[in-house]
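I opened this model to look up a few local features. My notes follow in the order I took them.

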Amino acid sequence: PEVVPQLGLKMVCPVCGVSCPKPDISAHFESCLEKELELKPLETTCTMIHTLNKDEEKLAVGVKTLAFFVQNVVKCPDDEKYKKIRVKNAGVQKKIMPLVGGVEFLE
């Protein structure tokens with residue numbers, strides 16, 4: 001049988017529009033997102049969380065935990081105890097720290 005060489009599929013980065021070979025697009029996309037953090041921190045961290053985390057279960061648990069923290073601040077905006085998160089906390093270590101973009105979201 002004849003072997004057809006790989007077609008060299010390229011993908012376009014949704015952040016900067018650069019075309020990259022498929023095997024390189026993930027690293028390029030992550031690099032672009034890191035550069036965007038200063039300009040659009042909330043939008044960028046949400047994009048990082050939802051696109052760079054492959055483990056669906058960890059993603060769901062992490063997003064639920066982040067949403068809980070945000071809801072507390074929204075409900076009680078003047079309560080200082082909801083504006084600080086102890087990163088040494090076991091729940092934070094297990095649920096948020098492993099997420100790509102999780103720590104950046106909290107900053």
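I started with V87, which is partly exposed because its relative accessibility is 40%; the class runs between buried, under 20% relative accessible area, and exposed, over 50%, with a 1.4 Å probe and protein chains only. This is a predicted model, where local features need pLDDT of at least 70, side-chain atom pairs count only at pLDDT 80 or more, and totals for chains, interfaces and linings use all residues. Residues are numbered from 1 along each chain as its sequence is written, and side-chain values use heavy atoms, with hydrogens and water left out.

I placed V87 in the loop between α3 and α4. Helices here are DSSP runs of H or I with at least four residues, numbered from the N terminus. Setting aside neighbours within four places in sequence, I found V87 in contact with V92 and Q93; contact means heavy atoms within 4.5 Å.

**N53**

Is N53 buried or exposed? N53 is buried, because its relative accessible area is 10%. N53 sits in the loop between α2 (41-52) and α3. I looked for polar contacts, pairs of N or O atoms within 3.5 Å; within protein, one must be able to donate a hydrogen and the other to accept it, and residues adjacent in sequence count only if both atoms are side-chain atoms. The N53 side chain reaches the backbone oxygen of I49 at 2.8 Å. A polar atom of that side chain also lies 2.8 Å from the backbone nitrogen of V100. Not counting residues up to four places away in sequence, N53 touches M48, L59, P98, L99 and V100.

**Aromatic rings**

How many aromatic pairs does the structure hold? I found one. F68 and F69 form this pair, which is tilted, at 6.2 Å centre to centre and 55° between the planes. Rings of Phe, Tyr and Trp (its six-membered ring) pair if their centres lie within 6.5 Å; planes under 30 degrees apart count as stacked, over 60 as edge-to-face and the rest as tilted. F68 counts as partly exposed because its relative accessibility is 47%.

**Helices at the largest pocket**

Last, I asked which helix gives the most to the lining of the largest pocket. α3 does, with four residues. α3 (56-75) and α4 (90-95) each supply at least two lining residues.
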